Amino acid sequence: LVAQGDMSAFSAWAVVSALYAALLGLVQKNFKRTLGFVLTSQSALLLFGVSGTSSESMHGALLGVVGLGLTSTGLLLLAGALEARTGSDDLVSLRGRGRAFPRMTALFFLLAAAAIGLPGTLPFVSEDLLLHGLLHSNIKGAIALLVVTVLNGITLLRLFFEVFQGPTRERRAERRGDLTPREALVIGGLLLATLVAGLSPRIL
């Protein structure tokens, strides 16, 4: 309790960091850099939850660490696979890749949706606990959580539409085809773990 009483400055810094990283993610032109800012923002929100005085927010933050680990690993693996096939992670040169990489497109959309709290996934459970805990102890923190989550959701949807949808401005030949069965199995396994843990969070 004494330690939690001294965490107010830390909580404020965590919220500012989460908001700042979320805003930076909105204006990036590099695929991996954009993902990095989104993941940094989400990590700062989890730090904010850990520093709270509510047991619900603490539990939500701890579950969020697991959820973030699963979704971020999958998203970064997809980013690496896409760069290996196109030779670039610039958003302009990556536009319109959905037809060439349908498996990658589907998995990215589902993992991005899970990362921002798709119902039935572990991040949804985490965000629900965080929000309920903050509503009882820190209403300003709850509002900040919602704002940052919306900003990160906009960024991830922007990534999806810019990279996998729409016309292509610059075409670089794909070095390989879509995800191999082994790659799809690994990334799909991360998504499945997120869903199983979200539907039965008591196992954690």
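Reply: A residue counts as buried when its relative accessible area is under 20%, as exposed when that area is over 50%, and as partly exposed in between. By that rule Phe-160 is buried, because its relative accessible area is 10%. The model discussed here is a predicted one.

Phe-160 belongs to one aromatic cluster, which is formed together with Phe-31, Phe-108, Phe-109, Phe-161 and Phe-164. In the structure there are 5 aromatic pairs. One of them joins Phe-31 and Phe-108, whose ring centres are 5.7 Å apart, with 55 degrees between the planes, a tilted arrangement. Phe-31 is part of helix α3 (residues 31-50), whereas Phe-108 is part of helix α5 (residues 102-115), so this pair ties together parts that lie 77 residues apart in sequence. Both partners are shielded: Phe-31 is buried at a relative accessible area of 1%, and Phe-108 is buried at 0%.

The pair of Phe-109 and Phe-160 has its ring centres 5.1 Å apart and its planes at 55 degrees, and is therefore tilted. This pair also links distant parts of the chain, since Phe-109 lies in helix α5 and Phe-160 in helix α7 (residues 139-164), 51 residues apart. Here the two partners fall into separate classes: Phe-109 is partly exposed because its relative accessible area is 38%, while Phe-160, at 10%, is buried.

How values were computed. Residues are numbered from 1 along each chain as its sequence is written. This is a predicted model: local features need pLDDT of at least 70, side-chain atom pairs count only at pLDDT 80 or more; totals for chains, interfaces and linings use all residues. Side-chain values use heavy atoms; hydrogens and water are left out. Rings of Phe, Tyr and Trp (its six-membered ring) pair if their centres lie within 6.5 Å; planes under 30 degrees apart count as stacked, over 60 as edge-to-face and the rest as tilted. Helices (H or I, at least four residues) and strands (E, at least two) are DSSP runs, numbered from the N terminus. Buried means under 20% relative accessible area, exposed over 50%, partly exposed in between (1.4 Å probe, protein chains only).
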